Each structure stands twice: as C-alpha cells, then as structure tokens.
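Please read this briefing with the sequence and the 3D structure open beside it. The points below are grouped by topic.

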Protein chains: 2
Amino acid sequence: MEELLKNLKISVSDSLYLKDPESSELGRKIIGNGIILIDKIGFEKFTFKKLGEKIKSNESSVYRYFENKHSFLVYITNWFWGWKEFQLTIATYGITNVEERLQKAIEVLAHPVEEDIRFKHINEVALNNIIINESSKSYLTKKVDEENKHGHFMLYKRLVNRVSKMISEVDPAYEYPFSLATTVIDGSLHQHFLSKHFSNITDCTNEITPSVYFKHMVSKILIPK
Amino acid sequence: MEELLKNLKISVSDSLYLKDPESSELGRKIIGNGIILIDKIGFEKFTFKKLGEKIKSNESSVYRYFENKHSFLVYITNWFWGWKEFQLTIATYGITNVEERLQKAIEVLAHPVEEDIRFKHINEVALNNIIINESSKSYLTKKVDEENKHGHFMLYKRLVNRVSKMISEVDPAYEYPFSLATTVIDGSLHQHFLSKHFSNITDCTNEITPSVYFKHMVSKILIPK
DNA sequence: TTTATTTAATAGTATTACTATTATTTTTGG
DNA sequence: CCAAAAATAATAGTAATACTATTAAATAAA
C-alpha cells in the first residue's frame, strides 16, 4: 500500500498553469519553495523575483510556469484540496456506518495538518498555513465568476460536494447540507486562524481543535435516520 | 427617537487614522466615496490616487487622513462592526426571553443589510459588500498580532463577546460560545458570498438567507435551561 | 488681520508586476 | 553522437503602485 502510494500525483486543472510544474525539476522547486516563501513573508510581499532568487533561478523562468502570483496561489490551493479529498477518501474508506464516517471526515478536514511523506517536494504544514492565512484571497477578487467558469475552484467544490453527500446520508431530511459542509470546511480554517491570533474570541485551542468543536456541532444538528 | 438618533456617530479607535475623517467635510467625502470605490473596483485595484480623483481632491490630501489603504479598510470595517453592534442593541432591547433575543441577534447579524438613513454619508449596502468581499483581508496579514495589540479589531471582538454572552445565557452549559459566535458572524458573511458566486455549494438563497440557516443551527445546538 | 491650519498641486522614488529579447544550457530524436 | 528544439537564464525596459517631500493656495481661528 505505502509503496503503491509513492507515485501519486494530485492532478490540478491545466488551465491553472502555463507549463505543468510537476513536469520538471524546476517546476517542483517553484512549487516547493514558493509555498515556503509565501508562508514566510505572506502573499502580499511574495513576488516571482524573490522566488527566482530563492531557487537560484530567474524571475522570467517562474513566469513560464505561472501567469502571475495569483494563479500560483490558486494552483497550490487546488493542490491542497485535492490532497485533502484524497486523505478523506483513504480515511473513510471501508467505514460503513454513515455517522462514524462523517465524524471521521470532519476529523480529517478540521484537524491540524501533519507532514505527508508521500509528496516530497511539498511542505504540507507550510501549505496548510497558507490555506488558513491566504487562500481566501484566491476567490475574494473581482474575477471570481470568470475564474470559476474556467474551473479554477473545482477541487474545492468537489470536496464540498462529497462532504455534503455524507451529511445527507446521515440525515436525508436535513435542509442545509451544502451550507453545513462549507461551514465545517471553511469554518475550521477560520477557527484555526482565531486560535492563533485571536484566542480570546474562540474556544479552540491545541487540545480542543476545531475538529472537536465541529464534530460536536454536526452531531447536534443532524438527526440520524 | 428617530430625531435623537440623527446625531449619532460610530466611534472608531483614533489609532486608525491620522486625522479623524468624521471631523471635516473632506473626511466624510473620503469615507463615503472610498466605500463606493472599493465596492466598485475591489480593494486590490483601489488606490488613494483614484479616490482623490473621484472626490476631485488630491492623493496627498487622502494621505493626511489615513496612513495607507490598509488602514482605511480597517477603519471602515470597524465602523461596520460598531454599526452592527448598535443595531443589535436596538433590535434586542427589551426582549427578556433569552432564546428569542438570541434569535433576533442572529437575524440582525446574518440578514442582508439595508440602507440606514441615519448615516447620510455612508452607503451601508456598498459597505456590506466590502465586508463580505474584502474585510478578511484586513486581518489576514503578517501584521495581525501587532495591529491587534493596538486595538484595531476591537469593535469586531466586542461584538463577538456580546453574541457569545447571549449564547451562554440560553445554554450556560454549552462549551463553545465564542466559536459559535464567530461561526455565526463570519460564517454568514461567507454564506452570503457563496450564494452570490458559488450558488451550487450553498443552500442559502435570497429566500433562505444565512439568517435562516444559522437560526436553525443555533436552535439545534443549544439546549435551553 | 495675521497666523495657523488645511488642502491642492507638483515632483520624485523604490518597488511591483509584468513583457520582450537574446544568449546559453539542456534535452531529445534521428 | 550530433543537430535541432525546447527550456532556462540574463538583461533591459515599462506602466502602475504606494508612497514621501515640498511648496503654493485657500480657509478658519485667534
């Protein structure tokens, strides 16, 4: 099993890059170091010039892979959600009890991220920080609708669909499975942020993770058939 | 009552501006038109130069009121939360039944915003759009902690506190009143955004507003004493 | 009415977010 | 293994951004 998983690739829509970064060493360096750099200095201060310097390559080389830094952010965000869905699939595989499965899913979604040895060039912890701190900037723009049309948020939407389906399996009569799914997914990012920077307006801590809070929430809202 | 309320001023921490924009005609023009402009072109494209042109004044004049556009965003965000708290206070005043009061509070928080004639120079609908689309950019920065120390998010935090207190009044045993309060407040902004741009991953519509969804959620989670 | 304050106009700077061109290196296909 | 193609690196250039600084003109306050 572990061996089998070593050749995995999260496939991200090709409209998000000019040249597939997974197709070359330089491309993987761009992704790997770009994630570290954004985590370190923040998306606003991040530039392709700085990234070029960091990987001892050139600004223009980075531009050959991504149109601009916004596309880069959308790309790594998609990668993250693809990776999450993949984890969710593995973690819930074989669980036949629908309630138990949903609880497991929430745990995977809302628990703090740990390093994944299966993807060597990507630091998942740094990426998770980016998802918490920067990812909303990928859709909070005037071009959302256009980008959405081009499928730039597909992996996120697919994940929401999957979770909402799990919700409906537990309680087919519940009227807001989509909203609840997005509340859990995006809300847990937000609670992570709050526990780090605004600890006095959240109950989430290192012990009581957002996962605990949301599992409790969902168990109260849904009435198992 | 209406007459009394006409001289209201939402007071925003003075560390957020260089010169109080409420203290002059130009200042109010900056606020009023700045809100319209950000709503129109988005925060990234918004500059003080463009705002200067719009109000037929000068870029440098705007800089005498605000250090930079980020401060401007934090200022109007604070104004919004101050205004919301004010509305909440009025709407829940005199309701003695704690459950009813919390439901009313959620309604005020999560319902789409309407124009408020009491503040002539501010277009609350445009401002609400900004809160939905841009406000998270005010805290998703590398300087959050520093800014937070200076009290730049106080009005938001005060509102969360107030709502969490209402939650605890309904169910003193509930363990996550803060997280639930932030989930309702920020989650409803998010659901508004989704219903506008990602309608197929939310159940919220013009009829089923986030307010309906969150009122249901809270009623399920809390067990009235 | 003079002084202080506010506002407007102009100019200037470093950085950003790119594009374009050319040179050099690497890859690959016959 | 060599030539052609593709990828990468280096350099230069541009318009816009996010400011700062200075000075002039208008307005308000003492």
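Helices (H or I, at least four residues) and strands (E, at least two) are DSSP runs, numbered from the N terminus. This is a predicted model, in which local features need pLDDT of at least 70 and side-chain atom pairs count only at pLDDT 80 or more, while totals for chains, interfaces and linings use all residues. Residues are numbered from 1 along each chain as its sequence is written, and chains are lettered from A and ligands numbered from 1 in the order in which they are written.

**Surface near DNA strand D**

- DNA strand D is surrounded by 14 residues, the closest being A:Leu26, A:Ser57, A:Ser60, A:Ser61 and B:Asn68; a residue is near a molecule or strand if its C-beta atom, placed from the backbone, lies within 6 Å of it.
- At least two residues of this surface come from each of α4 (59-63) of chain A and α4 (59-63) of chain B, and α4(B) gives the largest share, three residues.
- By class, the surface near DNA strand D holds two nonpolar, eight polar and four charged residues (Ala, Val, Leu, Ile, Met, Phe, Trp, Tyr, Cys and Pro count as nonpolar, Asp, Glu, Lys and Arg as charged, and the others, Gly among them, as polar).

**Chain A against chain B**

- The same surface serves both copies, as 97% of the contact residues of chain A recur in chain B.
- In contact are 35 residues of chain A and 34 residues of chain B, where contact means that the C-beta atoms of two residues, placed from the backbone, lie within 7 Å.
- On the side of chain A that touches chain B, two or more residues each come from α8 (144-149), α9 (154-170), α10 (177-197) and α11 (210-221) of chain A, with the largest share, ten residues, from α10(A).

**Helices of chain B**

- Helix α5 (residues 69-92) of chain B, with 24 residues, reaches 35 Å from its first C-alpha to its last, close to the 34 Å expected (1.5 Å times one less than its number of residues).
- Just after α5(B), B:Gly94 takes a positive phi of about 90°.
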